[in-house]
Amino acid sequence: MGWAASAQAQQVEPPAVVRTLPTAIDEPIATPTPPPPDAQLPAVEPIIEDDEFEKAIPPISAEDDAELDRPLESIADFEKRQAAEAAKSAATSGEATVEAQPPKVDGVPVPALADGDAVEAIGDAPISDSELAAPLPPLENFNVEPVVFAEAEDDKDNVSIAYSVQVTGLDAADDSTDVDLADLFGDLSALYDGDGKADNAAMVRARLSADGELMQRILASEGYYDAVVDTRIDRGEREEGQDRQERQRRPITAVIDVKPGKRYTLADIIIDAAPTVPPGLIADNFPLAVGEPIVAQRIQGAEAAIALKLPEEGYPFAKVGQRDILLDGATGDGVYTLPVDIGKRSRFGGIETTGDLAFDAEHVAILARFKRGDLYDSRKVDDLRQALVATGLFATVAAEPQATGESAGDGTEYVTMLVTQQAGPPRTIAASAGYGTGQGLRIEGSWTHRNFLPPEGALIFRGVAGTQEQGVGATLRRSNAGRRDRTFELVTEVSRSNYDAFNAITGRVGARVSYDSTPIWQKKFTYAYGAELIATREDDYDFVAGDRSYDFYTILGLTGQVGMDRTDSLLDPTKGFRVTALIQPEGSLAGRFSPYARARLDVSGYYPVTDSIVLAGRVRVGSILGAARERLAPSRRFYAGGGGSVRGFGYQELGPKDPNNDPIGGRSVNEAAFEARYRFGNFGVVGFVDAGQVYRGSTPDFSNLRFGAGIGARYYTNFGPMRFDIATPIARKPGEARVSVYVSIGQAF
């Protein structure tokens, strides 16, 4: 690139210049690049000839030349030499002393003072004031009192002036861009930010000057590099009889006149880079095109796209250089050149870790979703970094590729992933709360040591305090056990329940292995399996005796669950569907052994009507096979009603009831729900209709369905929506509440 010029009809066109595109509208516009060193400069006539100049210089003798080369003496040596010469001169003249002569002014002697001296030496004046001789007080004891004026200040001198803002000539440029330039200027303008008021005219001028530069940067960011922005202040008409203050308070107008000029466009795009694999990797992912305006935001976005795409396709060390744009003022064309250093194409090699370790490199490899030999992909590195953060074991953690120089074949090299750890506090105290009609208030707290048995062996103690449930428990959980997101846990807990359906004191121990989705990695298929042993004392209504009585149950059960997820979000889905199937073979010992199996199927779906409206629905079907209802512990039966079931009814309120109108549970259940969700910003409104019923038999017959309807509010956070629902039963029966309220975290389904 160079400076270009052309001449035609005795007129020289302005040269093309290289300009640096402003990266943001608040940065100054770069000045033109100076001409290259090899540019031809015009000849200049000399002012004086060399021969004439040499003759005008006086000659220098050999002695003078030696004197010039002699080094300078120091000041101390100079003063000694001067004193010695003065003493020598006095001795030579035979004078012992030199009488001081009286000073003269314009040749006339100054008359002597009273003591006969013409010159009086002035020393320090004696201090007669004791306050002046006293030491200064310490700064912390120094008291400063405000000055009190004899007369009050005139408030009229501090009255602010009013002004208005007028921008002219911007419409043509505004109509040609995708950005509302007038609105953008208004958001950033110092004049508009002042709300039309200033302390004085100087402040208005300062704001106007700043806004003139702002307008210049805004236009340049949209390709108007030759824009001319003029500013001025117009005052209102002066009226006769006005004093000085009244004239100063006349309304003024800050005027910004804009002449956009031509808009520069891309005439050529040159990417200076080595060949890539595949060959069109850069060109296919560079969104700029010849002929489009030179817009700063578009240029920056295109460069960012390249800087992001290359590391995703095997180039971890790619670097995008500094752009050059050659602008031709005559044609309005711009030639864009971008140097790109693609670096070496690479593949994943080993993993190393350093720093204050929470766990070793072997466990880091379990979290990684890549293996040795895979083509480098920065998205997988980001995923590893997020998985490390999600363990909750680090204060800081980083994962960066390191070149090894080891060949991996096909022109690639291995890179080592270096994970730098800084272990954080492993202990956490947490609490949560919720409320539901029929279930009452429920508060849960926990203490967790997340790395009690490294790596990621957590010890958790939890407690529940509620109006209808209390309990304590301990869990030993190994996260990422041999595989990412696979969890193994051992649980022991004791709880007390006091519901309308039953009262129970229960002890439970269990073991479970699960492979679950997480917000970082939402999986299409999940599973869980385990076993548990339950000992519980529960009351149930005895229809023969006509009263409630307690019985003791020992239950041994297995659990198997599979899930399929095709939604777009784990916490707040807007499209897709989910299916979960659960089966629990169990055996209950209460007098005699009763084997049975609990089975349940849940299906939910989500459909986005618009960007802000989502329709959601769910269906649940459950059945218990192999045992009569009376042989089942009340806590192992099916119930319906409540915030996670059929809203509008109390917790476990639906289904068969005893003569006291208390629920007794059943062997089958069906539920359905429909929601219309509307979101605006971080808030949302939900309208819903729920339906469901519990049956005595093992087959749900979908008869006698009960319906509830209501409305809810949502507040969306980074960990999921907070939910507040209020609902009422349709065709309410005696004993049922008119309104039920539910508060919790997360969508209903």
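Mentor: Angles under 35 degrees count as roughly parallel, over 145 as roughly antiparallel, 65 to 115 as roughly perpendicular and the rest as oblique. The model is predicted, and local features need pLDDT of at least 70, side-chain atom pairs count only at pLDDT 80 or more, and totals for chains, interfaces and linings use all residues. Residues are numbered from 1 along each chain as its sequence is written, and side-chain values use heavy atoms, without hydrogens and water.

Trainee: What makes helix 6 and helix 8 oblique to each other?

Mentor: Helix 6 (residues 181–188) packs against helix 8 (residues 201–221) at about 140°, with the axes 11 Å apart. The angle is taken between N-to-C directions of lines fitted to C-alpha atoms over the stretch in contact, from 0 to 180 degrees. Helix 6 and helix 8 are therefore oblique. Helices (H or I, at least four residues) and strands (E, at least two) are DSSP runs, numbered from the N terminus.

Trainee: How do you know which residues of helix 6 and helix 8 meet?

Mentor: A contact means heavy atoms within 4.5 Å. On the helix 6 side the residues are Leu 181, Leu 184, Phe 185 and Leu 188, and on the helix 8 side they are Asp 211, Leu 214, Met 215, Ile 218 and Leu 219. They divide into 8 nonpolar, no polar and 1 charged. Ala, Val, Leu, Ile, Met, Phe, Trp, Tyr, Cys and Pro count as nonpolar, Asp, Glu, Lys and Arg as charged, and the others, Gly among them, as polar.

Trainee: What makes strand 14 and strand 15 edge strands?

Mentor: They belong to an open sheet of 3 strands in the order 14-16-15, with mixed pairing. Strand 14 (346–356) and strand 15 (394–409) each pair on one side only. From one strand to the next, the twist averages 20°.

Trainee: How do you know that strand 15 and strand 16 pair?

Mentor: Pairing requires at least two bridges found by DSSP. Strand 15 and strand 16 (residues 412–423) have 11, in the antiparallel sense. Glu 400 stands opposite Leu 418 in strand 16. Helix 13 (residues 378–390) packs on this sheet, touching strand 14, strand 15 and strand 16.

Trainee: How many bridges join strand 26 to strand 27?

Mentor: Strand 26 (residues 592–608) and strand 27 (residues 613–625) run antiparallel and share 12 bridges. They form a hairpin with 4 residues between them.

Trainee: Where is confidence lowest in the protein chain?

Mentor: pLDDT is the predictor's confidence in each residue, from 0 to 100. Strand 1 (residues 7–8) has the lowest mean, 29, and strand 13 (residues 333–341) the highest, at 97. The protein chain averages 85.
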